[in-house]
Amino acid sequence: MAAMTRFCCFLAWLTVFYTELDAARPALNQELSNIFNELWRMDVNRLTPGTDYTISVQGKAGFINQGSHNARDHASQPLFSNVNENKLATITTYSRFMKLLDNYERSTGVAEQVTTDEVTENNLFLDTVLETAVMKRAHQYLVSKGQSSSDLRQFRSQLYLIWFHLYRRERNGVMDSSGFEHVFVGETKSGNEVFGFHNWVQFYLQEKNRHLDYKGYKAREQDIPDQDDHVLNLQFSWYGLVKPVGSAFIGSSPEFEMALYTIVFLINTERSTHVMVNIDQCQIELVVIRHGRSLSTAYPKLLSSNSRHFSSQG
């Protein structure tokens, strides 16, 4: 009887927990959903699941504390079983994006030494991104909101400041970080934590080179992800350090992700911004945190996939 009582209390607590979790979520931002779906449809460089890449979500990862080096592996196989590397090599935004991934010191607290060649690579990547329909539309939207100049050179400088400007992660530290490094490359802190790392291409490359081990997906019981989902919450280890909960778009182009986060960054002034949007079949909470006029971090949190949120709202 006592065991049944404890079980019922646990169920009641669980119900309250998830109710409060839902209540804490921001309301759906329809305007941003509209522009982001427009960008989604324009993203011709997005790779197609089952055709250009295949993922296997496998088992659900367990709870572990931040800083732990041990996590039970609920995925015996890699997340990516194959990716069309020819597309990554021949689509210019991907090829130039990948050249930036080895330009950074992995650990915070170590000063970044930016070479002339690396600045050139940053600029070539930005030039390519600005030529895409996705970023052109994002620019147009930001101009309409009074958040960017219609002058392309000024917008380009704005993007460089947001994404590539170096800053200090610690108040009295060295110039050791940037928005691009944190979001797209990933960082480690104090030899026991993984920070950032929210990009699927970097995930695939690090997994392929055996620096990264996928541990399983993270989701509520009623929302198990599948191989077609465009956003995944996941757990992994990188160079032996575990990220308890990470998240990333899957298959989308660098320009699409950069456009989304730039829009959220510029239309808000708060240090930490959370917006809920529907993109394709996914309901996502986009989190963007600023570091002055630059980006500190940005990532998607999958709330619901495969249109289940539409039926639940109806």
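Visitor: Which residues touch the most other members in the largest nonpolar core?
Guide: The model is a predicted one. In its largest nonpolar core, which has 75 residues, Phe-36, Phe-80, Trp-163, Phe-180 and Leu-286 touch the most other members. Helix α10 (residues 254-267) supplies the largest share of this core, 9 residues.

Visitor: What makes this set a nonpolar core?
Guide: The members must be buried residues of types such as Phe, Trp and Leu, joined through side-chain atoms within 4.5 Å.

Visitor: Which residues is Phe-36 in contact with, leaving aside its neighbours within four places in sequence?
Guide: Phe-36 is in contact with Phe-256, Leu-260, Ile-263, Val-264, Val-277, Ile-279 and Leu-286. Contact here requires heavy atoms within 4.5 Å.

Visitor: Why are α6 and α10 described as roughly parallel?
Guide: The axes of α6 (residues 133-144) and α10 cross at roughly 10° and come within 9 Å. Angles under 35 degrees count as roughly parallel, and the two helices are therefore roughly parallel to each other. From α6, Val-134, Met-135, Ala-138, Tyr-141 and Leu-142 take part; they meet Glu-255, Phe-256, Met-258, Ala-259, Thr-262, Ile-263, Leu-266 and Ile-267 in α10. By class, that contact has 11 nonpolar residues, 1 polar and 1 charged.

Visitor: Why is α7 called roughly perpendicular to α10?
Guide: Helix α7 (residues 152-163) and α10 have axes that cross at roughly 90° and come within 11 Å. The range for roughly perpendicular is 65 to 115 degrees, which makes α7 roughly perpendicular to α10. Gln-158, Leu-159, Ile-162 and Trp-163 of α7 meet Met-258, Tyr-261, Thr-262, Phe-265 and Leu-266 of α10. The classes are 7 nonpolar and 2 polar, with no charged residues.

Visitor: What makes β8 and β10 edge strands?
Guide: The open sheet has 3 strands in the order β8-β9-β10, paired antiparallel. β8 (272-279) and β10 (294-304) each have a single partner strand, so one side of each is left without a neighbour in the sheet. The average twist is 20° from one strand to the next.

Visitor: How do you know that β8 and β9 pair?
Guide: Pairing needs at least two bridges. Between β8 and β9 (residues 282-291) there are 8, and the strands run antiparallel. Thr-273, for example, stands opposite Val-288 in β9. Helix α2 (residues 30-42) packs on this sheet, touching β8 and β9, with its direction at about 60° to that of β8. α10 lies across β8, β9 and β10, and runs at about 65° to β9.

Visitor: What is the strand order in the sheet that contains β6?
Guide: The order is β5-β6-β7, in an open sheet of 3 strands with antiparallel pairing. β5 and β7 are the edge strands, each pairing on one side only. The twist averages 35° from one strand to the next. Helix α9 (residues 200-208) packs on the sheet and touches β5, β6 and β7; its direction makes about 120° with that of β5.

Visitor: How many bridges join β6 to β5, and how many join β6 to β7?
Guide: β5 (residues 212-217) and β6 are joined by 5 bridges, with Leu-212 partnered by Trp-238 and Tyr-217 by Leu-234. β6 and β7 (residues 241-249) are joined by 7, and Asn-233 stands opposite Ser-247. At least two are needed for a pair, so β6 pairs with β5 and with β7. In the hairpin of β6 and β7, with 2 residues between the strands, Tyr-239 takes a positive phi near 50°.

Visitor: What makes β6 (residues 231-238) count as mostly covered?
Guide: 8 of its 8 residues are buried. Val-231, Asn-233, Gln-235 and Ser-237 point one way, while Leu-232, Leu-234, Phe-236 and Trp-238 point the other way. In a regular strand, side chains alternate between the two faces of the sheet.

Visitor: Is Phe-249 buried or exposed, and what value decides the matter?
Guide: Phe-249 lies in strand β7. Its relative accessible area is 1%; the limit for buried is under 20%, so Phe-249 is buried. Phe-249 and Leu-232 are 17 residues apart in sequence, with 6.6 Å from C-alpha to C-alpha.

Terms used: Residues numbered from 1 in each chain as written. Predicted model: local features only at pLDDT ≥ 70, side-chain atom pairs only at ≥ 80, totals over all residues. Heavy atoms only, no water. Buried < 20%, exposed > 50% of the residue type's maximum accessible area, 1.4 Å probe, protein only. Helix = DSSP H or I, 4+ residues; strand = E, 2+ residues; numbered from the N terminus. Axes fitted to C-alpha atoms, helices over the stretch in contact; angles between N-to-C directions. Parallel < 35°, antiparallel > 145°, perpendicular 65-115°, else oblique. Nonpolar A, V, L, I, M, F, W, Y, C, P; charged D, E, K, R; others polar.
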